[in-house]
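Me: I have a protein structure open on my screen and would like to learn how to read it. Could you take me through some of its features, one by one?

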Amino acid sequence: VQRGAPRRPQPWVAVGDSIPDGNGSTPGADHRWPDFLAQRLAPQGVAVLNAGISGNRLLRHGMGEAGLARLGQDALLQPGVRSVIVLLGTNDIGWPGGPFAPGETVPSLDELAAGFRQLVAQARLNGVRVVGATVPPSEDALKGTPLEGHYSPAKDAARQALNTWIRESGAFDAVVDFDRVLRDPSRPSRLRADYDSGDHLHPGDAGYRAMAQAVDLQVLLGSGAH
């Protein structure tokens, strides 16, 4: 008599931009934050699927479809998906006025909040929980390269306003505060030096590990959701 097959891991999906995608980590080493999180969750029978796309934005298409448009295909339709962690907003705020989107303006907090609320509503219609992630700092991002322009004091103010909304709005089932983990305590608009990959936008291996370690697994698995 054949014994029951091993229980299939229940997947989580990390949705976002180049930070879930792992830019700045050691290539081929599985040192992205979803990889480190997967190691922590494996004993719980939970897998982590990485749906990060470099350059992705919440509201507008660019490098790939906007997060709102691709959420269903890339996350909600994955077999057995329980929850998604969403880290988007870096490029919505950083691209406008720079080389990737010179004619655009930074979306308002109301526009970003409405987009996130739509995303959460999509997920809940499919019975999927949503964990919102705050946006890490990016002072001096890509400075001295042809891609400079991602950061400005005004953009940082927009990022901080978005993060306050993510933390306090109650829109999400839970929140993970990556901004708090990664920012330099002496200058919160920039990454901690020991977590910076060197481009001042993406964490390195140590930063990605710290992100995964900062996730409260009880919140992640549902017992601490609000």
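**A residue in a loop**

Me: Where is Glu 139 placed?

Reply: Helices (DSSP runs of H or I, at least four residues) and strands (runs of E, at least two) are numbered from the N terminus. Glu 139 sits in the loop that links strand 4 (129-133) to helix 6 (153-168). A word on the source: this is a predicted model, in which local features need pLDDT of at least 70 and side-chain atom pairs count only at pLDDT 80 or more, while totals for chains, interfaces and linings use all residues. Residues are numbered from 1 along each chain as its sequence is written, and side-chain values use heavy atoms, with hydrogens and water left out.

Me: What is the mean pLDDT of the protein?

Reply: pLDDT is the predictor's confidence in each residue, from 0 to 100. Here the mean is 92, and 93% of the residues reach 70 or more. Residues 1-5 have a pLDDT below 50, and this stretch has zero contacts in the model beyond near neighbours in sequence. Contact means heavy atoms within 4.5 Å.

Me: Back to Glu 139: is it buried or exposed?

Reply: The terms rest on relative accessible area: under 20% is buried, over 50% is exposed, and in between is partly exposed (1.4 Å probe, protein chains only). Glu 139 is buried because its relative accessible area is 10%. Leaving aside neighbours within four places in sequence, Glu 139 is in contact with Tyr 151, Arg 187, Ser 189, Arg 190 and His 200.

Me: With which side chain does the side chain of Glu 139 make a polar contact?

Reply: A polar contact is a pair of N or O atoms within 3.5 Å; within protein, one must be able to donate a hydrogen and the other to accept it, and residues adjacent in sequence count only if both atoms are side-chain atoms. The partner of Glu 139 is the side chain of Arg 187, at 2.7 Å.

**Positive phi**

Me: How do I read a phi value?

Reply: Most residues other than glycine have a negative phi. Asp 140, although not a glycine, has a positive phi of about 70°. Leu 142 also has a positive phi, near 55°. Asp 140 counts as partly exposed because its relative accessibility is 32%, whereas Leu 142, at 16%, counts as buried.

**Another loop residue and a helix**

Me: What is the relative accessible area of Asn 56?

Reply: It is 0%, so Asn 56 is buried. Asn 56 belongs to the loop between strand 2 (46-52) and helix 3 (67-76). Among the residues it touches, not counting those up to four places away in sequence, are Gly 16, Asp 17, Met 63, Leu 88 and Asn 91. The side chains of Asn 56 and Arg 70 make a polar contact at 2.8 Å.

Me: How many of the residues of helix 3 are buried?

Reply: Seven of its 10 residues are, so helix 3 is largely enclosed by the rest of the structure. The buried ones are Gly 67, Leu 68, Arg 70, Leu 71, Gly 72, Ala 75 and Leu 76. Their cover includes strand 1 (10-16), strand 2, strand 3 and helix 5.

**Helices that pack**

Me: At what angle do helix 2 and helix 8 pack?

Reply: Axes are lines fitted to C-alpha atoms, for helices over the stretch in contact, and angles run from 0 to 180 degrees between N-to-C directions. Helix 2 (residues 33-41) and helix 8 (residues 205-214) pack at about 45°, with axes 8 Å apart. Therefore helix 2 is oblique to helix 8; angles under 35 degrees count as roughly parallel, over 145 as roughly antiparallel, 65 to 115 as roughly perpendicular and the rest as oblique. From helix 2, the contact involves Trp 33, Phe 36, Leu 37 and Arg 40, and the helix 8 side includes Tyr 208 and Met 211.

Me: Which residues of helix 8 are buried?

Reply: They are Gly 207, Tyr 208, Ala 210, Met 211 and Ala 212. The elements covering them include helix 1 (18-21), helix 2, strand 3 (83-87) and helix 7 (178-182).
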